[in-house]
Amino acid sequence: MKMTWRWYGEGNDDITLDHIRQIPGVMGAVWSLHDKVAGEVWEMERIQEVADQLAAKGLSPAVVESVNVHDDIKMGLPSRDKYIDIYIDTIRKLSKVGVEVICYNFMPVFDWTRTDLYKETKDGSNALFYEKKLVEGASPQSIVDRILEGAGEKTMPGWEPERLAHLEKLFDDYSGISEDMLFDNLKYFLERIIPVCQEEDIKMAIHPDDPPWPIFGLPRIIRSRDHIEKFLKLVDSPYNGLTLCTGSLGPNLSNNIPAIIREFGDRIHFAHIRNVKVFENGDFIETSHRACDGSVDIVEVVKAYHEIGFEGYARPDHGRHLWGEEKNCRPGYGLYDRALGVMYLLGIWDTLEKEKNK
Ligand code: DNO
């Protein structure tokens, strides 16, 4: 397991590469060109610039999260080919600087969805929260307004105000697109890009839907073991793989994540590891990584990765915001709880390694 850390880029993240390289065990920064909207060309100079910044600090550039997929591809519009050509151009360029894995998602309109960005918890820290009833009863616009207001000046991937300004049109465009159609459109995309990935030796790693159920009537297709199995068969190649996110699959308690890891382990290229506490009414809050703090047994998750001999990339996913850091950090992406998470994950891993080598 190679431990990494999501970094938003020079001047766009209060956590610097110098902070990151001092966290024990972290060997790479997961990066992207965060100012690029889906479908935009990534210039080689910009890519090289980030690769150089990482190399100067001894950090690997092997994982990019995300290269976002244009809605026309997700909707299967005739213009999709133009956007797939641009995607392919980006894949080829990324391979030149040593990128090995590209994380992306195929969620319509919204990436991750929450109702509160800074929900206060008993110990005075705060964290991302999802209130099920609120989403069920609310209009998409009211959730967008709530989240963007909460974010203030901070930009958040998946919540680009420019894109969400056309919310009604986006919903209109997706109306009539069923789960099956979305799967077909994903297959079309994969059939075009996976041969290029094989040539360039770059593995695609789809991110599951977060939360793992349909919202606002939009189809969501990567949210359970069966969805994952169907997805992997769309193009049966090691280059067509997964970002296995415990926090995205976790809010549906019937998702047995350790079992999913054991079953599909050879197709997991990137592990997002975090915990969520799911309440009886279906609400959930993000917690520390510790198994006893949430509903996902992170010890069993790490055990499953260890058992399959996982050699892919991992990162601590969201953490709570601690010690007042919410004033500066992106929701879910503070320094402290994620750094504590790294140490928890590596603590379990190292213990298992030691036992194995006894
Ligand atoms: C949330 C992230 C997601 C993820 C995308 C991948 O914090 O895990 O936004 O980056 O879904 O495309």
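Eight strands form an open sheet in the order S2-S1-S12-S9-S8-S7-S4-S3, with parallel pairing. On average, neighbouring strands are turned by 30 degrees against each other, direction ignored. For such angles, axes are lines fitted to C-alpha atoms, for helices over the stretch in contact, and values run from 0 to 180 degrees between N-to-C directions. Strands pair here if DSSP finds at least two bridges between them. Strands (E, at least two residues) and helices (H or I, at least four) are DSSP runs numbered from the N terminus.

This is a predicted model: local features need pLDDT of at least 70, side-chain atom pairs count only at pLDDT 80 or more, and totals for chains, interfaces and linings use all residues. Residue numbers start from 1 along each chain as its sequence is written.

| Pair | Bridges | Sense |
|---|---|---|
| S1 (residues 2-6) and S2 | four bridges | parallel |
| S8 (residues 240-245) and S9 | four bridges | parallel |
| S9 and S12 (residues 313-316) | four bridges | parallel |

Individual partners can be named. Arg-6 is bridged to Val-30 in S2. Leu-244 stands opposite Ala-271 in S9. His-272 has Arg-315 in S12 as its bridge partner.

S9 (residues 268-273) is largely enclosed by the rest of the structure, because six of its six residues are buried. Buried means that 20 or more other C-beta atoms, placed from the backbone, lie within 10 Å of the residue's own. Across the protein chain, 44% of the 358 residues count as buried.

The ligand has 13 residues around it; Ser-66, Asn-105, Asp-111, Trp-112 and His-207 come nearest. A residue is near if its C-beta atom, placed from the backbone, lies within 6 Å of the molecule. Strand S4 (residues 101-105) gives the most to this shell, with three residues. By class, the shell holds four nonpolar, seven polar and two charged residues. Nonpolar covers Ala, Val, Leu, Ile, Met, Phe, Trp, Tyr, Cys and Pro; charged covers Asp, Glu, Lys and Arg; the others, Gly among them, are polar.

Helix H2 (residues 44-56) has 13 residues and reaches 18 Å from its first C-alpha to its last, close to the 18 Å expected at 1.5 Å a residue. That expected span is 1.5 Å times one less than the number of residues. Just after H2, Gly-58 takes a positive phi of about 70 degrees.

Overall, the protein chain has 14 helices and 12 strands. Its C-alpha atoms fill a box of roughly 55 × 45 × 40 Å along the principal axes.

Definitions and conventions: Buried ≥ 20, exposed ≤ 12 C-beta atoms within 10 Å, placed from the backbone.
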